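Work through the exercises below with the sequence and the structure open. Try each task before reading its solution.

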Amino acid sequence: MKRADLLVVGGTVVTMDSELHVISDAAIAIVGSRIVAVGPRRDVTGRYSSKEVIDAHGKLIIPGLINGHTHIPMTLFRGLADDLDLQDWLTKYIFPAEAKNVTEEFVRAGTRLGLAEMIRGGTTTYCDMYYFEDAIADETAKAGVRGVLGETIIDFPVADNKTNAEGMAYVEKFVQKWKGHELIVPAIAPHAPYTVSEEHLKAARAFSDRTGAPIVTHISETKREVDDSLKAHGASPVDYLNRIGFLSNKVIAAHMVWPSEEELDLLKKIGVGVVHNPQSNMKLASGVAPVPNMLKRGLLIGLGTDGAASNNDLNMWEEMDTAAKLHKVFSGDPKVLSAQEAFELATIRGAQALHLENEIGSIEKGKRADLVIVERDSLNQIPLYNVYSDLVYATKANDVETVIINGRVVMRDRRLLTLDEAAIKASALVFREKIARSLGGAITAP
Ligand SMILES: [Zn+2]
């Protein structure tokens, strides 16, 4: 018998491997941070023993969900201003609120709130873009969560850096500090082609080439962005970014609502990772990304919530459900995006979009042990007929019971083990008062 550090025994494993194996009465053996065996229970427990065993009988074991696009500290702005045009929302509320409130303490408190929410909902990896990303990385590593974390580069003074030179110096230090960390992939995050100059976009690409750091950005979010780009550069955002040599197989681009057919081919050829954000795009009325077409063409595409100010939560279950239904109603074809495909977007395809498919996204021997145990006997789930339909259309974040990231149990039987939930809630309420005061009379009492 070989020794494992952790055995998950019983239950049905939804592997999301290349053949989409679903194994009932299964077991998973974990040594250190990695899966060393997955298969029928008798087979795995006949070869491995462990002092620590988690019983998953009657439950589903799925790969940890991957939230491909967030601005995690914006949890503290959740519900601050809704149901507005993007320009009013940004200029009257979000930018002033950020200018007056974003400090390292704010970022840490908002990150802990977002991490707790994500763990409770079975998200084990997220891709972020914000300020003070070094503090976000610190909180994320302490909570035991995996992150591709991008420090924002933007052409106006922001909370942590006042100039591009300061921003580039910050990101240099940030990437050197976290490179090679087991949980954190440090990244550079030029905000968007309309907020970062050509020179600075080129410098970001050169930085990525030199350090291997991914590039996290927003591309082609709104029709207005495309129209403005055509006026300013004589090219759409994708064509412009390609022309200046910005795009590469290290890029992770959120939104991509308005690409042309030719641009989809280009993104596929280059290997750009794309992240679909259906709820944020719906809430801000940005449009509907051509996801069925992206899937047909084999683009690297995942799924994300965007920041909690434009969603208003970090719930990947809702995001999967919305993705599947949005494309049905938009195309008039209920077959256009299946429950299985929606689940792929949040797992193995999400891993591909983050360029991490060799490490995460499926339950397979050799991959990181990022696993979620999901109840399957809630009133909203029974009776059961099809595992992907159950997961995408019926299961809720509340049905997540236990979460393992990198071989470490971070939530067991719904109890968070790495974060103090009561303290997180108390601190969010303190920040709420501060933020409301900073905006004068703009926020009314609840
Ligand atoms: Zn965003």
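The exercises cover a sheet and a metal site in this predicted model.

**Exercise 1.** Determine which strands stand at the edges of the open sheet.

Solution.
1. Write down the strand order, which for these 7 strands is β4-β3-β9-β18-β19-β20-β21, with mixed pairing.
2. Look at the ends of that order: β4 (22-23) and β21 (415-416) each have a single partner strand, so one side of each is left without a neighbour in the sheet.

**Exercise 2.** Describe how strand β9 is joined to strand β18.

Solution.
1. Locate β9 at residues 60-63 and β18 at residues 371-374.
2. The two strands run antiparallel and are joined by 4 bridges.
3. For a pair of facing residues, take proline 63, which stands opposite leucine 371 in β18.

**Exercise 3.** Identify the protein donors of the zinc ion and classify the site.

Solution.
1. The donors are NE2 of His69, His71 and His218, together with OD of Asp306, at 2.1 to 2.5 Å from the zinc ion.
2. Along the chain their spacing reads H-x1-H-x146-H-x87-D.
3. The angles among the 4 donor atoms span 85 to 174°. Tetrahedral would require all angles to lie between 85 and 135 degrees. The site is classed as irregular.

**Exercise 4.** Explain why histidine 71 and aspartate 306 tie together parts that are apart in sequence, and decide whether each is buried or exposed.

Solution.
1. Histidine 71 lies in the loop between β10 (65-70) and α2 (86-101), and aspartate 306 in the loop between β17 (300-303) and α12 (316-331), so the pair connects parts 235 residues apart in sequence.
2. Buried means under 20% relative accessible area.
3. Histidine 71, with 9%, is buried; aspartate 306, with 5%, is also buried.

Conventions: Residues numbered from 1 in each chain as written. Predicted model: local features only at pLDDT ≥ 70, side-chain atom pairs only at ≥ 80, totals over all residues. Heavy atoms only, no water. Pairing = 2+ DSSP bridges. Donors = N, O, S within 2.8 Å, 3.2 Å for Na, K, Ca; no water. Tetrahedral: all angles 85-135°; square planar, octahedral: opposite > 155°, others 65-115°. Buried < 20%, exposed > 50% of the residue type's maximum accessible area, 1.4 Å probe, protein only.
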